[in-house]
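Hi everyone, and thanks for making time for this. Let me put it on the screen, and then we'll take it piece by piece.

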Amino acid sequence: MGLIDYVNIARRRWMTILAFVVLGTVAAAAYTSTLTYSYTSSSRLYVSMATGTSVSDAYQGNMAAQQRVTSYVNLVTSERVMAGVIEDLQLDTTPAALASTITTSFAPATVLIGISVSDTTPDNARAINDAVVTEFRDLVNEIETTEIGAAPAAKVTVVDPATTPAAVGGPAPMRTLLMGAIAGMLLGCAAAYLRDRLDKRIRTTGQVA
């Protein structure tokens, strides 16, 4: 069979192909409706220590800050911080459930902490991130203050504040629909070819010969 033969099959069986394209698109739309899309808002913090002005003091302070970062990343999702966020924002959730939506990260040999919060709406993702940062900084100030009225030994500074995410996480809905339509078209072409091969009706003089 040549190209013209396949074109003729597509012309004769276009309704079959169209039906599969519609079914593929509908199936993709149904699948998309079952997905839960989320928005992620991220922020970055800088940890520093209260030290003297000499080079030696600065070096020791930086090393101490690096040591604290490894512990601080666990404090971000601690029950105390999560409970404070829930109370501040009046969230209908539990500390454990809220912690599961938060991801913390840090690069070795640095004093930077990354916080990412995922939620079903972009505004909530940013609000929760801001609240987490606030509660976390308050906790660090309390832990690092050894004397009443004294400045805390460690300080957490917001380098990159949380922003309202514009892009949704997960597979793009339009891409999923397009993939469903393409899959339906391929299946439709296969069904059209098979149906045409099984059709014994004579349509051309070449078939008569």
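Before we start, one word I'll need: a residue counts as buried when its relative accessible area is under 20%. Also keep in mind that what you see is a predicted model.

Please find Asn129, which sits in helix 6. Is Asn129 buried or exposed? Its relative accessible area is 0%, so Asn129 is buried. And which residues does Asn129 touch, leaving out those up to four places away in sequence? They are Ser41, Ser42, Ser43, Ile115, Ser116, Val117 and Ala162.

Now let's step back to the whole chain. There are 8 helices and 4 strands, and along the sequence they are arranged as α-α-β-α-α-α-β-β-α-β-α-α. Of the 209 residues in the chain, 28% are buried. If we take contacts between residues at least 6 apart in sequence, 75% of them link residues at least 24 apart.

On to the inside. The largest nonpolar core contains 29 residues. Val47, Ile102, Ile113, Ile115, Val132 and Phe136 have the most contacts within that core. Several elements supply two or more residues each: strand 1 (39-49), helix 3 (55-76), helix 4, helix 5 (95-99), strand 3 (112-119), helix 6 and strand 4 (154-160). Which one gives the most? That is helix 6, with 7 residues.

Let's zoom in on one member of the core, Ile113. Setting aside neighbours within four places in sequence, Ile113 is in contact with Ser43, Arg44, Leu45, Val47, Val69, Tyr72, Val73, Ser105 and Phe136.

Next, helix 4, and how it meets helix 6. Helix 4 covers residues 79-89 and helix 6 covers residues 122-144; their axes come within 9 Å and cross at roughly 130°. That angle makes helix 4 oblique to helix 6, and the crossing is right-handed. On the helix 4 side, the residues in contact are Arg80, Val81, Met82, Gly84, Val85, Asp88 and Leu89. Facing them from helix 6 are Ala127, Ile128, Ala131, Val132, Glu135, Phe136, Leu139 and Glu142. Sorted by class, this contact has 10 nonpolar, 1 polar and 4 charged residues.

While we're at helix 4, its buried residues are Val81, Met82, Gly84, Val85 and Ile86. Ala83 belongs to helix 4 as well, but Ala83 is partly exposed, with a relative accessible area of 35%. From Ala83 to Leu98 is 15 residues in sequence, and 9.1 Å in space from C-alpha to C-alpha. After helix 4 comes Gln90, which has a positive phi, near 55°.

My last stop is another helix pair. Helix 2 (residues 14-34) packs with helix 7 (residues 173-198) at an angle of about 150°, and the axes are 7 Å apart. Helix 2 and helix 7 are therefore roughly antiparallel. Their crossing is right-handed, and the contact between them has 14 nonpolar, 8 polar and 1 charged residues.

Conventions:
Residues numbered from 1 in each chain as written. Predicted model: local features only at pLDDT ≥ 70, side-chain atom pairs only at ≥ 80, totals over all residues. Heavy atoms only, no water. Axes fitted to C-alpha atoms, helices over the stretch in contact; angles between N-to-C directions. Parallel < 35°, antiparallel > 145°, perpendicular 65-115°, else oblique. Left-handed = near helix turned anticlockwise from the far one by under 90°. Contact = heavy atoms within 4.5 Å. Nonpolar A, V, L, I, M, F, W, Y, C, P; charged D, E, K, R; others polar. Core = buried A, V, L, I, M, F, W, Y, C linked by side-chain atoms within 4.5 Å. Buried < 20%, exposed > 50% of the residue type's maximum accessible area, 1.4 Å probe, protein only.
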